[in-house]
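Take a look at the model below. The text then walks through its parts one at a time.

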Protein chains: 2
Amino acid sequence: MTAYAPPVQRLITELSKLPGVGGRTAQRLAFHLLRLSDEEAFALADAIREVKEKIGLCERCFNLADGPICRMCADERRDSDVICVVEEPSDVISIERTHEFRGRYHVLGGALSPIDGIDPEDLKIAELYQRVESGPVREVVIATNPTTTGEATALHIAERLRESAPEVAVTRLASGLPVGADLEYADELTLGRAFAGRRAV
Amino acid sequence: MTAYAPPVQRLITELSKLPGVGGRTAQRLAFHLLRLSDEEAFALADAIREVKEKIGLCERCFNLADGPICRMCADERRDSDVICVVEEPSDVISIERTHEFRGRYHVLGGALSPIDGIDPEDLKIAELYQRVESGPVREVVIATNPTTTGEATALHIAERLRESAPEVAVTRLASGLPVGADLEYADELTLGRAFAGRRAV
């Protein structure tokens with residue numbers, strides 16, 4: 001017999017399904033929620049419900065949106081002839097934080113990974129080609145992660161675009177040493193990339 | 001302008017109020033919830049609602065309960081003449097895990113801390129005295145935390161019970177080296193307690 005009353009056990013079980021939340025953390029969070037006022041706890045429950053009910057994918061770029069198109073696509077001041085391709089909606093936020101990019105996005109919904117059964121049809125890749133081919137697009141910045149699957153996805157897209165839209169510049173985010181890093185602790189791959197991508201000062 | 005749609009921002013704000021959850025973690029959790037099916041996300045929202053709606057405090061021991069009295073108080077096989085006094089409902093779970101105790105509990109709802117304005121009236125201390133004085137009680141095990149406030153609470157209760165119920169044994173959990181610890185890394189207070197509490201082997 002578990003020492004918890006069933007509703008408490010259920011909450012702990014649900015909380016422990018969250019990424020990075022183990023049994024102990026789930027228990028601590030559950031007891032925290034129990035100590036809160038009803039109002040405060042319901043605010044979290046309602047925020048979860050609301051986000052699932054109101055948030056969908058943008059029809060154009062597949063970013064998260066609370067209407068048919070997302071805020072980035074709706075913003076007329078952004079350049080529509082530069083498209084930045086990312087894996088996930090969270091990547092859009094990361095790039096927006098840099099204030100370096102004022103174009104549009106295209107969210108693939110993941111990266112190609114044949115071992116995990118993720119093929120081009122499982123991502124919004126065909127939709128990207130269609131966007132590039134139909135609209136006036138000057139540049140496609142491929143900002144998938146610098147991981148095996150992200151690189152494979154970037155290559156796959158770049159090759160296809162080179163054929164179907166040769167007038168469009170296809171670029172990739174620079175790979176190299178992170179700002180503030182120490183050469184001594186950099187891994188060989190990153191240092192190798194930094195070397196290969198060296199620039200005149 | 002934040003890059004998030006308002007419902008997403010609201011969810012991140014609510015999540016970041018949880019203990020140990022910073023802005024980045026809240027964002028990661030929010031995107032995780034967005035990726036889940038509606039059903040999975042609603043299960044968490046409903047578990048939060050349910051726990052607040054169904055769980056209250058046990059009338060007898062002030063542990064969490066899904067009815068008028070908790071499972072520990074309802075279990076007739078437990079000794080009712082030994083009461084273990086703890087600060088929080090989560091402490092009951094910790095002690096239950098040891099399988100060392102088969103008596104009843106009394107949850108104070110915190111520890112005495114005059115600086116934070118927590119006086120005896122703010123805790124379920126009067127209710128403890130009443131339980132001890134009205135029922136046949138053989139022993140009161142004070143299992144408040146071995147912290148300044150926990151110790152102060154233990155002393156406060158022990159003194160009062162010594163006067164009002166001198167026939168009841170009042171004990172305190174042993175303080176000393178944790179199992180598996182290394183003398184070299186033990187703090188002076190803990191090591192001092194371990195010395196003071198040494199036992200014949």
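Which strands of chain B does helix α6 (residues 125-134) lie across? Helix α6 of chain B lies across β3 (82-86), β4 and β5 of chain B. Helix α6(B) runs at about 155° to β4(B). Axes here are lines fitted to C-alpha atoms, for helices over the stretch in contact, and angles run from 0 to 180 degrees between N-to-C directions. Contact means heavy atoms within 4.5 Å. Helices (H or I, at least four residues) and strands (E, at least two) are DSSP runs, numbered from the N terminus.

This is a predicted model, in which local features need pLDDT of at least 70 and side-chain atom pairs count only at pLDDT 80 or more, while totals for chains, interfaces and linings use all residues. Residues are numbered from 1 along each chain as its sequence is written, chains are lettered from A and ligands numbered from 1 in the order in which they are written, and side-chain values use heavy atoms, with hydrogens and water left out.

Now the sheet. Four strands of chain B form an open sheet in the order β4-β3-β5-β6, with parallel pairing. Two strands pair if DSSP finds at least two bridges between them. β4 (104-107) and β6 (169-172) of chain B stand at the edges with a single partner strand each, so one side of each has no neighbour in the sheet. The twist averages 25° from one strand to the next. Strand β5 (residues 139-142) of chain B pairs with β6(B) over four bridges, in the parallel sense. There, B:Ile142 has B:Arg172 in β6(B) as its bridge partner.

Helix α7 (residues 148-164) of chain B lies across β3, β5 and β6 of chain B. Helix α7(B) runs at about 170° to β6(B).

Turn to chain A. Its helix α7 (residues 148-164) has 17 residues and reaches 25 Å from first C-alpha to last, close to the 24 Å expected at 1.5 Å a residue. That expected span is 1.5 Å times one less than the number of residues. In α7(A), A:Gly150, A:Thr153, A:Ala154, A:Ile157, A:Ala158 and A:Leu161 are buried (under 20% relative accessible area; exposed is over 50%, partly exposed in between; 1.4 Å probe, protein chains only). They cover an arc of only 130° around the axis, which puts them on the same side of α7(A). The arc is that of the directions from the helix axis to the C-beta atoms. These buried residues pack against β3, α6, β5 and β6 of chain A. The face turned away from the buried side carries exposed A:Thr148, A:Leu155, A:Arg162 and A:Glu163.
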